[in-house]
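Welcome! Please take a moment with the sequence and the model below, and then we can walk through them together.

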2 protein chains.
Amino acid sequence: MSFTVGLDIGGTKVLGVVVDDAGNVVAERVHKSEHGFTALVACCVGLLEHLAHPGTPVGVGAAGLVDLQGNLRFAPNIPGVIEAPLQAELEAKTDRPVIVDNDANVAALGEVTYGAAQGARDALMVTLGTGIGGGIVMNGSVLRGANGFAAEIGHITVERGGPMCACGERGHWEAIASGHALGRMARELIASGRGKAIFDLAFGDVNAVTGHEVGAAASAGDDDALALLEVYADNVSLGLAALANVLDPQRIVIAGGIITLGPLLFDPLHVAFARHIEAAEHRPPIPILPAALGVRAGGIGAAVLARSLLP
Amino acid sequence: MSFTVGLDIGGTKVLGVVVDDAGNVVAERVHKSEHGFTALVACCVGLLEHLAHPGTPVGVGAAGLVDLQGNLRFAPNIPGVIEAPLQAELEAKTDRPVIVDNDANVAALGEVTYGAAQGARDALMVTLGTGIGGGIVMNGSVLRGANGFAAEIGHITVERGGPMCACGERGHWEAIASGHALGRMARELIASGRGKAIFDLAFGDVNAVTGHEVGAAASAGDDDALALLEVYADNVSLGLAALANVLDPQRIVIAGGIITLGPLLFDPLHVAFARHIEAAEHRPPIPILPAALGVRAGGIGAAVLARSLLP
């Protein structure tokens, strides 16, 4: 039996898991991280000391652009960290071999190895959260590209001149299809005088409306909420179809809190996707599935990545 | 010295080349093809009998969706051919091992091996012609996807609700960035009462206006033509940036008659691309280069593909 460690570095905390060679999580721990790179490294070192013996290989998924040498080049969601030699620092500060990749990439590796895309050699994983994250597995390996920056899928333009993205450009997929975008669409609906059932579920506070209230209203059969989910599913499918045209994955895995909507999201999504994919009648259907590993996908995938470091 | 044959199957003709192991084209021949699959196979067989000894491996690039077994599933530009077992038929009718892929995929392989992307392990090739074709090379191999249908890049939506694509959907990249789209944009400009210099170059026949006249007018310094090329370059860059965000290629190669425009196209294209790519300041610039192998790219790449069949 061999073990590896996976760390999933998010905006303000780090999740660490120890995974055995059958994919079981045998230990788990979360640490909060303070501002800046030094604090982040100290946080990871502390986690590793609690979790695993020296020498145990460590895989890391970090939220940002990670180059092929494991440098975290750009991490807009990790405060105070930029152009940071994460892999080299973790190797220097712990007596362990370390490999660092992007968090969405390792999550995709986790879902392909033990989750919703288990057994697929070509898969796409998309996380619909504050933004849109992506991980691509082709021929069984994470597609990294020339610099390690592949799968930055949130910022592809699908609706030129459309809604403003957090990055300052208009019409990016993320701006119309992230989990946050669904909440914004609901608030706009309410501002236009409709969506009363959604509004009521947020106790009349329009600023409290998120995708959760849309889902709850749709579950209760509210027409406005169901129509909104249909528009949102079309938004999501536009980007999914673009990516499927480019990558031809065997399966697509969707992650993010929004997958709790279940068939309310996935049913219209399948319909819209079939409309947007090229030559649908000449190819096998591509299943679009909810992620199976939840918040541990990144940690488990990072631990899978670390297996390449085993002696 | 070993030799392989490459066939490039287009809408109405087949180009065959014999390539040595240094990449030299040592023989070349073009045959016209008649309607239907039987005629197409006969055309290829005739070419092969003229070009190479029995036993010589044959690579084929065909314009359409080609699955991993070498079946040409869907070929809208090859009259009378659909769901056709191309690889199996060519193997049965010739005494040669055969491997079939999509024409744009093998062209990308040709450009990576002997052309504008020589030496790159991760490259994207885009052909701006009647439509938009694409080939992706990652880690030195053609990215085929689960079914062989990857790199269908023309039909990604970039301008939702935008101009109608030949496939019947709106806002596809192909509808605003193919070589044909530039001609259509010029004719629309003329219909709106502008673009006089372009119009004059087509001897006052608006239906004769293509990208060629736009280029000629722009070369002569015509402001309308230069402005039109700037809009067109932005259209092209929207899709290129989307693909670069997803794939992170080391180089991008552009093919198609339109590359004869030279800096008139490539200069505004580089500017617009830098605007659309995510986190440009944190990544090395991605060179966008004109293809170097011209009309032989597909044939040469098909011959390169056939090397995998050498004993």
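Among contacts in chain A between residues at least 6 apart in sequence, what percentage join residues at least 24 apart? The share is 63%, where two residues count as in contact if their C-beta atoms, placed from the backbone, lie within 7 Å.

Before going on, a word on how to read this. This is a predicted model, in which local features need pLDDT of at least 70 and side-chain atom pairs count only at pLDDT 80 or more, while totals for chains, interfaces and linings use all residues. Residues are numbered from 1 along each chain as its sequence is written, and chains are lettered from A and ligands numbered from 1 in the order in which they are written.

**Chain A**

Chain A holds 10 helices and 13 strands; these are DSSP runs numbered from the N terminus, with helices being H or I of at least four residues and strands E of at least two. Chain A has a radius of gyration of 20 Å, close to the 19 Å from the globule rule for 311 residues, so it is as compact as a globular protein of that length. That radius is taken over C-alpha atoms, and the rule is 2.2 Å times the number of residues to the power 0.38. Along the principal axes, the C-alpha atoms of chain A fill a box of roughly 60 × 45 × 35 Å. Of the 311 residues in chain A, 60% are buried, meaning that 20 or more other C-beta atoms, placed from the backbone, lie within 10 Å of a residue's own.

**How the chains meet**

Chain B is superposed on chain A by a rotation of 180 degrees with 0.0 Å of shift along its axis (RMSD 0.1 Å), using least squares on C-alpha atoms of residues with pLDDT of at least 70 in both copies. The two copies are thus related as by a two-fold rotation axis. Val158(B) is the residue of chain B that comes closest to this axis, at 2.0 Å (C-alpha).

At the interface, 37 residues of chain B are in contact with 37 residues of chain A. Helix 8 (223-247) and strand 6 (72-74) of chain B each supply at least two residues of that side, and helix 8 of chain B gives the largest share, 6 residues. Here is the side of chain B that touches chain A, by class:

| Class | Residues |
|---|---|
| nonpolar (Ala, Val, Leu, Ile, Met, Phe, Trp, Tyr, Cys, Pro) | 20 residues |
| polar (the others, Gly among them) | 9 residues |

Definitions and conventions:
A residue is buried if 20 or more other C-beta atoms lie within 10 Å of its own, exposed if 12 or fewer, and partly exposed in between; C-beta atoms are placed from the backbone.
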